[in-house]
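Please work through the following exercises with the sequence and the structure at hand. Each task is followed by a solution in steps.

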Amino acid sequence: MLSEVHQGKLLQPLVRDITQDRINLYARASGDFNPIHVDETFAANTPFGGTIAHGMLVLAYVSEMMTLAFGQSWISEGKLQARFKEAARPGDTVTIKGRIDSIKEDNGNWYADCTFECSNQRGAVIVAGQATVRLPTETRITKNGS
Amino acid sequence: MQKGSITYEDLSPGYEFPPITCELNASFVSDYVRAVESSKTEFVPPLAVTACGLTALTKFITLPPDTIAIHASQELQFFKAVPIGTVVECRARVVRKLDRSKMSMLLLELDIYDQNKEKVQSGKTTLALPGQNA
C-alpha cells in the first residue's frame, strides 16, 4: 500500500499475459461462457476474427492495481468509470498503469482522483478510465513526494 | 439463479429484471482470485461481486441468433467491503436502448445489496451488440 501520495504519483504498474487458458479460467470462475470468449470456431466468424478476453477480466486487473495501492479503502469505497476501447486477445501482454491526477478534501476526508490505462504490447489502449478512492487516514500527502 | 428469460427485442427503457441472487462463497472467490491473479483478502474482490451479478443478468437476456454482446463501458461505485460467504442480490433495469444498423447499445443500471439489504455496489453497464455488417 502507498504510504505517501502526491499529485502526479504513478501507481505500481501491473503486467498480465492474456492466454486462452486464462480466459477459460475466468469464464469458469465468473460463469460467463459467451462464445466470443471461449469458442474459437464461433469467434473466428465474428468481426473480431477470434476469441477475446472478457472486459471484466481486464478491468479486474485495474481493480487489483488500485487494491495494491490503496488497500481496503478501494474495495469499500472505490469508484471507477471505464471505457473498453479495444479487445484483449490471447497472446497479448497487457500493461495496467495508473496515476494520481489530483488530491482533494471533502468533509474531512482526502480523496485521490486517478486515471488508468491498460494497453497491449503494441501500445493500443484496451481500457481507459478514471477512479476515485478515499485515502486511508495513515497516508501522508506531500507535494511532489517531498 | 433466475428463472425464464427475456428477448433482447422485448427489452425497453424502464424494464426491471427480476432480482438475481448470488452466493459469494469461498469456492467462487478462490476460483475468481486464481483467474484474475489477484491477491487474496478476507473480502470478496469488488469486481467479483459485479461479475457475479452481470453474468447472471446477461444470461437472462436472449440475444438474436448469431449476435454477440460485448462490454463497451462500465461505471462502478463500491459502498462497503463484502465478506466472503455473503449472499448478494442484484437489481437491474434498462436505462437506454439504441438500435442502429451497425450497432445496438444497451445501457443497464444495477444495484447490488447484501443479505442485510445494505447496498454494496451500484453501477452502469453499457453492452454493445455489433450488427452482422459491423
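The exercises below concern a predicted model and treat its sheet, its helices and selected loop residues in turn.

**Exercise 1. Two strand pairs**

Describe how S2(A) pairs with strand S4 (residues 93-106) of chain A, and how strand S4 (residues 70-78) of chain B pairs with strand S7 (residues 119-130) of chain B.

Solution. 
- Step 1. S2(A) and S4(A) are antiparallel and are joined over four bridges; within this pair, A:Leu14 has A:Ile96 as its bridge partner.
- Step 2. The faces of S2(A) can then be separated: A:Leu14 and A:Arg16 form the covered face, whereas A:Val15 and A:Asp17 form the uncovered one.
- Step 3. In chain B, S4 and S7 are also antiparallel, with eight bridges between them; B:Ser73 stands opposite B:Thr126 of S7(B).

**Exercise 2. A helix pair between the chains**

Characterise the packing of helix H4 (residues 55-70) of chain A against helix H2 (residues 46-60) of chain B.

Solution. 
- Step 1. Two packed helices are described by the distance between their axes and the angle between them.
- Step 2. Here the axes come within 9 Å and cross at roughly 160°.
- Step 3. An angle over 145 degrees counts as roughly antiparallel, so H4(A) is roughly antiparallel to H2(B).
- Step 4. The crossing of H4(A) and H2(B) is right-handed.
- Step 5. On the side of H4(A), A:Met56, A:Leu59, A:Ala60 and A:Ser63 make the contact; they meet B:Pro46, B:Leu47, B:Thr50, B:Ala51 and B:Leu54 of H2(B). Seven of the contact residues are nonpolar, two are polar and none is charged.

**Exercise 3. A covered helix**

State how many residues of helix H1 (residues 20-30) of chain A are buried, and what covers them.

Solution. 
- Step 1. Eight of the eleven residues are buried, and the helix is thus mostly covered.
- Step 2. The buried residues are A:Gln20, A:Arg22, A:Ile23, A:Leu25, A:Tyr26, A:Ala27, A:Ala29 and A:Ser30.
- Step 3. Their cover includes S2, helix H2 (35-38), helix H3 (40-44) and H4 of chain A, and also helix H1 (26-36) and H2 of chain B.
- Step 4. Just after H1(A), A:Gly31 has a positive phi of about 85°.

**Exercise 4. Loop residues**

Is A:Lys9 buried or exposed? Where do A:Asn107 and B:Lys117 lie?

Solution. 
- Step 1. A:Lys9 belongs to the loop between strand S1 (4-5) and S2 of chain A. Its relative accessibility is 17%, and buried means under 20%, so A:Lys9 is buried.
- Step 2. Leaving aside residues up to four places away in sequence, A:Lys9 touches A:Leu2, A:Glu4, A:Gly98, A:Arg99 and A:Ile100.
- Step 3. A:Asn107 lies in the loop between S4 and strand S5 (109-119) of chain A. Its phi is positive, near 55°, although the residue is not glycine. With a relative accessible area of 74%, A:Asn107 is exposed.
- Step 4. B:Lys117 lies in the loop between strand S6 (103-113) and S7 of chain B. The phi of B:Lys117 is near 65°, a positive value in a residue other than glycine, and its relative accessible area of 55% makes B:Lys117 exposed.

Conventions: Residues numbered from 1 in each chain as written. Chains lettered and ligands numbered in written order. Predicted model: local features only at pLDDT ≥ 70, side-chain atom pairs only at ≥ 80, totals over all residues. Heavy atoms only, no water. Pairing = 2+ DSSP bridges. Buried < 20%, exposed > 50% of the residue type's maximum accessible area, 1.4 Å probe, protein only. Contact = heavy atoms within 4.5 Å. Axes fitted to C-alpha atoms, helices over the stretch in contact; angles between N-to-C directions. Parallel < 35°, antiparallel > 145°, perpendicular 65-115°, else oblique. Left-handed = near helix turned anticlockwise from the far one by under 90°. Nonpolar A, V, L, I, M, F, W, Y, C, P; charged D, E, K, R; others polar.
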